[in-house]
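Subject: Structure handover

Hello,

Here is the structure we spoke about handing over.

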Amino acid sequence: MLHLTFRQLNVFEAVARHLSFSRAAEALHLTQPAVSMQIKQLESNIGLPLFEQLGKKIFLTEAGHELYHYSRAIAQQLAEAEAVLGDLKGLKRGSLKISVASTANYFAPQLLAIFSQRFHNVTVSLNVTNRQSLLQQLASNEMDMAIMGQPPDGLDLASESFMDNPLVVIAPLNHPLVRERAIPLQRLQHETFLVREQGSGTRSAMERFFAQRGIDLTTGMEMSSNEAIKQAVQAGLGLGIVSVHTVALELEMKRLALLDVESFPIMRHWYVVHRANKRLSAVAQAFKSFLLDEAPQLLARTG
Ligand code: PGA
């Protein structure tokens, strides 16, 4: 039986997050010796070192990494319990922890801004990452909800779609295909495509789409952000397939062109996703309804 207290876990979580005893002490409003003492007790309860010091820096040991993984999930569970109890007391404040797929970062901040204007007392934290790591975060219950492309079956998730996500082909303005209409898919086989990293939802949707149609695309460089893809396309390194949400500005400023390709856009959808058995706080519930009821209209208005 593991002997540890919530307090020790809390202190451990702060030290692991900051990788610094002094910054953790500051964040927790404790003295540094008090923090070191809690960690020493925790290490002796567990019987393994959790941190190691190399030079001036501290690092998590393997045991530390394992415990950090659980302590974050436990902290989130406690925050959930606090929020649910707070709601019962009629408090309309709390925190909202959202993670979004990197592509959703092009519209999520606008929505969060409008939402926080309505709920002044809510602290929002936004984490941006790709699809694969979102799925890992959902599995370890590290946030209230995620905004992403359709999640895979079999993960015990509740997901509802709230907006279209069309994927389009982008080209530099001087590309010869810009002037053509109804470009046949086969024609794309003569082009080089810049692609997102493995683990990106955009990337897997694009691969599935061409594989189903028996088209073998030539892929050039692989890049881990939509921004990098857009810059590389502008620089003439190839064509790209991205969500239309990522290129609004470039299209308006005439820095990129959309190609009129047969069977395009690839129509995907944005989903709000959380664990199926999660107790959503009143704030999380309000945010979910806000997305489902208002997101597309609000975004159409703000552009
Ligand atoms: P991504 O997002 O390509 O930035 O991972 C889209 C998705 O989740 O489908």
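The notes below go from the whole chain to single residues.

Please keep in mind that this is a predicted model.

Overall picture

The chain holds 10 helices and 11 strands. Its C-alpha trace spans about 70 × 50 × 35 Å along the principal axes. Of the 303 residues, 45% are buried.

Aromatic rings

A search of the whole structure gives 12 aromatic pairs. One of them is formed by Phe 12 and Phe 51: the ring centres are 5.6 Å apart and the planes meet at 45°, so this pair is tilted. The two residues come from distant parts of the chain, with Phe 12 in helix 1 (residues 6-18) and Phe 51 in strand 1 (residues 51-54), 39 residues apart.

Tyr 68 has a charged residue over its face: Arg 72, at 4.5 Å from the ring centre.

Two buried residues in helices

Phe 287 is part of helix 10 (residues 282-302). With a relative accessible area of 2%, Phe 287 is buried. What does Phe 287 contact, leaving aside neighbours within four places in sequence? The list is Leu 96, Ile 98, Leu 112, Phe 115 and Met 145. Val 100 is 187 residues from Phe 287 along the chain, and the C-alpha atoms of the two are separated by 14 Å.

Glu 80 sits in helix 4 (residues 62-88). This residue carries a negative charge, yet Glu 80 is buried, with a relative accessible area of 11%. Not counting residues up to four places away in sequence, Glu 80 touches Asn 141, Lys 278 and Arg 279.

Backbone points to check

Most residues other than glycine have a negative phi, and most peptide bonds are trans. The following places depart from that pattern.

- Phe 264 and Pro 265 are joined by a cis peptide bond, with omega about 0°. Pro 265 lies in the loop between strand 10 (257-258) and strand 11 (266-275).
- Ser 263 is not a glycine, but its phi is positive, at about 70°. Ser 263 is in the loop between strand 10 and strand 11, and is partly exposed, with a relative accessible area of 42%.
- His 29 has a positive phi, near 55°, and is likewise a residue other than glycine. His 29 is placed in the loop between helix 2 (21-28) and helix 3 (32-46). Its relative accessibility is 71%, so His 29 counts as exposed.

Regards

How values were computed. Residues are numbered from 1 along each chain as its sequence is written. This is a predicted model: local features need pLDDT of at least 70, side-chain atom pairs count only at pLDDT 80 or more; totals for chains, interfaces and linings use all residues. Side-chain values use heavy atoms; hydrogens and water are left out. Helices (H or I, at least four residues) and strands (E, at least two) are DSSP runs, numbered from the N terminus. Buried means under 20% relative accessible area, exposed over 50%, partly exposed in between (1.4 Å probe, protein chains only). Rings of Phe, Tyr and Trp (its six-membered ring) pair if their centres lie within 6.5 Å; planes under 30 degrees apart count as stacked, over 60 as edge-to-face and the rest as tilted. A charge sits over a ring if NZ of Lys or CZ of Arg is within 6 Å of the ring centre and within 35 degrees of the ring normal. Contact means heavy atoms within 4.5 Å.
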